[in-house]
Amino acid sequence: MAQDQDRPAGPDLTQGVALSELTDGGKLVGHVGEEEVLLLRRGMEIFAVGAHCTHYHGPLVDGLVVGETVRCPWHHACFDLSTGEALHAPGFDPLPCWSVEKRDGQVFVADKRKQPAPRRRGASTGKAPERIVIVGGGAAGFAAAERLRREDYQGSIVMLTSDDAPPVDRPNLSKDYLAGKAPEEWVPLRPDDFYSDNGIELRLKTEVAGIDAGAREVMLADGSSLAYNRLLLATGAEPVRLPIPGAELAHVRTLRSLADSRAIIKRAETARRAVVLGASFIGLEVAASLRARDIEVHVVAPEKRPMERIFGPEMGDFVRALHEEHGVVFHLEDTAEAIDAKQVTLKSGQTLNADLVIVGVGVRPRLDLAEKAGLALDRGVVVNAYLETSAPGIFAAGDIARWPDPLSGEQIRVEHWVVAERQGQTAALNMLGHGEKFTAVPFFWSQHYDVPINYVGHAENWDELSIEGDIAAKDCLLRFKRDGRLLAVASIFRDLECLEAEVAMEREAAAA
Ligand SMILES: Cc1cc2nc3c(=O)[nH]c(=O)nc-3n(C[C@H](O)[C@H](O)[C@H](O)COP(=O)(O)OP(=O)(O)OC[C@H]3O[C@@H](n4cnc5c(N)ncnc54)[C@H](O)[C@@H]3O)c2cc1C
Ligand code: FES
């Protein structure tokens with residue numbers, strides 16, 4: 001039985017499959033040796049690529065084929081079927097590709113192809129900048145540096161980050177890594193030598209203290225300065241701290257960095273009872289991860305239902321019930337007023353014992369550098385469609401950027417991993433003069449136990465919610481509309497429909 005499970009899926013594709021088994025648009029998983037291969041047909045063209053997404057191994061057979069690309073059902077990475085190239089984050093590594101032969105009504109998968117070079121894009125305007133400085137070693141900063149080198153940029157890249165670790169898979173810090181289900185070696189986005197091998201000068205524990213936009217220089221906290229030709233600001237966000245007595249105690253933690261996650265894990269080794277303040281995505285993901293470590297968890301939050309503002313009351317009730325099934329105790333419509341070494345005192349007067357307290361009450365974009373440099377701000381750094389700020393040569397991406405969203409026609413700012421990475425990629429192209437608008441439709445996911453919730457679009461306010469399927473059965477698609485116009489969808493285990501909604505929104509945005 002165990003042997004069967006280890007065997008790669010489907011037919012041996014080197015032995016051939018009947019062309020008739022693969023209808024136009026059809027997909028089939030088989031194997032070549034030990035490797036699982038996805039065969040896809042578009043008209044008379046057949047592609048053979050790796051069957052699993054290079055992000056978290058999502059099954060591409062359940063994804064969506066759009067033109068000559070395939071999108072992953074889990075977190076919407078997009079790959080070129082001809083070259084395997086990862087076109088859109090969160091995928092970065094290419095898919096392997098195999099050559100295909102058609103003979104006598106059969107399709108044979110032959111040798112693995114040498115990884116083709118990524119498709120070249122059109123000429124850029126002007127001379128390539130000599131030095132690009134990236135402030136921030138998070139999602140946007142990493143994706144920008146990676147894309148610059150993938151575009152064969154030959155100039156100098158300097159990445160400055162106040163973090164003490166190279167860029168990490170931040171979403172994992174509240175999920176499997178915190179739950180003890182993912183080893184630490186899965187957390188870095190790339191091995192340490194990636195940066196030196198690719199000529200990316202990564203300076204850890206380096207705080208940028210100021211920017212002189214006129215002189216095109218950044219000033220570091222140690223008093224030195226560094227000249228740039230293009231600058232990417234990707235300083236992300238920081239957790240909001242609670243202004244209550246006891247918030248500074250050692251067992252009261254926030255979660256943003258790998259160091260934060262490690263510190264929580266260390267305390268979780270001996271903690272018996274945790275109080276999570278805030279029923280945000282991070283708060284609830286932390287609650288789930290601490291339950292996986294068998295710690296008693298109480299969640300305190302001011303709202304009536306968790307996540308109601310984003311997902312509506314039905315999904316809010318579902319999220320609550322899901323956590324309750326796993327033993328989480330909610331204290332809703334209540335807030336913390338004080339924390340001491342053993343207890344959290346609530347506004348209602350109730351006291352909760354706690355030897356670990358996690359504060360997950362939201363984040364604030366890190367805007368001080370942009371503000372001091374005199375960049376235009378509006379509850380974020382204002383950027384145009386090319387992600388350029390009000391200062392020429394300075395771009396911004398990720399949690400700090402407020403950009404013109406073609407779909408809603410509004411200036412929006414979001415705090416999503418995939419958006420930050422995709423903005424980093426677009427900013428990289430524009431720092432090289434490619435003039436590419438950022439038109440991606442926002443996407444995020446959140447994971448609670450074995451239930452992923454995916455969300456596409458952006459609906460800050462909505463006046464109509466329709467629910468298809470059954471939320472309690474974990475099989476649903478929610479549509480959020482305003483004035484009759486679809487703004488966003490959320491789904492549980494309806495990945496294909498979620499991807500289809502993304503493509504429809506992209507088309508609408510492109511036509512806007
Ligand atoms: C625990 C956790 C789980 C998450 N899970 C999800 C999820 O499941 N799905 C999702 O869509 N989103 C998730 N997010 C949100 C997502 O991680 C962020 O939207 C994303 O990281 C934003 O990327 P960024 O590059 O803008 O900022 P960050 O990734 O925060 O990077 C900012 C970088 O800037 C550096 N920096 C800031 N100021 C300075 C300075 N002055 N000098 C030098 N360096 C500086 C910081 O040290 C950091 O390296 C999660 C976030 C956290 C914390
Ligand atoms: S597993 Fe494919 S995008 Fe995450």
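This is a predicted model: local features need pLDDT of at least 70, side-chain atom pairs count only at pLDDT 80 or more; totals for chains, interfaces and linings use all residues.
## Ground rules

Residues are numbered from 1 along each chain as its sequence is written, chains are lettered from A and ligands numbered from 1 in the order in which they are written.

The largest nonpolar core has 72 residues. A nonpolar core is a set of buried Ala, Val, Leu, Ile, Met, Phe, Trp, Tyr and Cys residues joined through side-chain atoms within 4.5 Å. Buried means under 20% relative accessible area, exposed means over 50%, and partly exposed lies in between (1.4 Å probe, protein chains only). V133, I134, L148, I211, V218, L232 and L233 touch the most other members of the largest core.

V133 has contacts beyond its neighbours within four places in sequence. Contact here means heavy atoms within 4.5 Å. Among the partners of V133 are V158, L160, V218 and R230.

## Helix α8

Helices are DSSP runs of H or I with at least four residues, strands are runs of E with at least two, and both are numbered from the N terminus. Helix α8 covers residues 313-325, 13 residues in total. From first C-alpha to last, α8 reaches 18 Å, close to the 18 Å expected. The expected span is 1.5 Å times one less than the number of residues.

M315, G316, F318, V319, L322 and H323 are the buried residues of α8. Seen down the axis, they fall within an arc of 160 degrees, so they line one face of the helix. The arc is that of the directions from the helix axis to the C-beta atoms. An α-helix has 3.6 residues a turn, so residues three or four places apart point the same way. Just after α8, G327 takes a positive phi of about 95 degrees.

## A loop glycine

G43 sits in the loop between strands β3 (35-42) and β4 (45-50). G43 is partly exposed, at 29% relative accessible area. Its C-alpha is 46 Å from that of A237, which is 194 residues away along the chain.

## Salt bridges

The whole structure holds 25 salt bridges. Each is a side-chain nitrogen of Lys or Arg within 4 Å of a carboxyl oxygen of Asp or Glu. K112 pairs with E35, with the closest N and O atoms 3.0 Å apart. This pair links strand β10 (residues 106-112) to strand β3, across 77 residues. K112 is partly exposed at 43%, and E35 is partly exposed at 33%.

R71 bridges to E502 at 2.9 Å between the closest N and O atoms. R71 is in strand β6 (residues 69-71) and E502 in helix α11 (residues 495-511), 431 residues apart. R71 is buried at 8%, and E502 is buried at 1%. Elsewhere, salt bridges with shared partners join E468, D475, R479, R494 and E497 into one network.

## Cysteines

The structure has zero disulfides. A disulfide is counted when two cysteine sulfur atoms lie within 2.5 Å. The sulfur of C476 is 10 Å from the closest cysteine sulfur, in C498, too far for a bond. C476 is buried, with 0% relative accessible area. C72 also counts as buried, at 2%.

Technical notes: Side-chain values use heavy atoms; hydrogens and water are left out.
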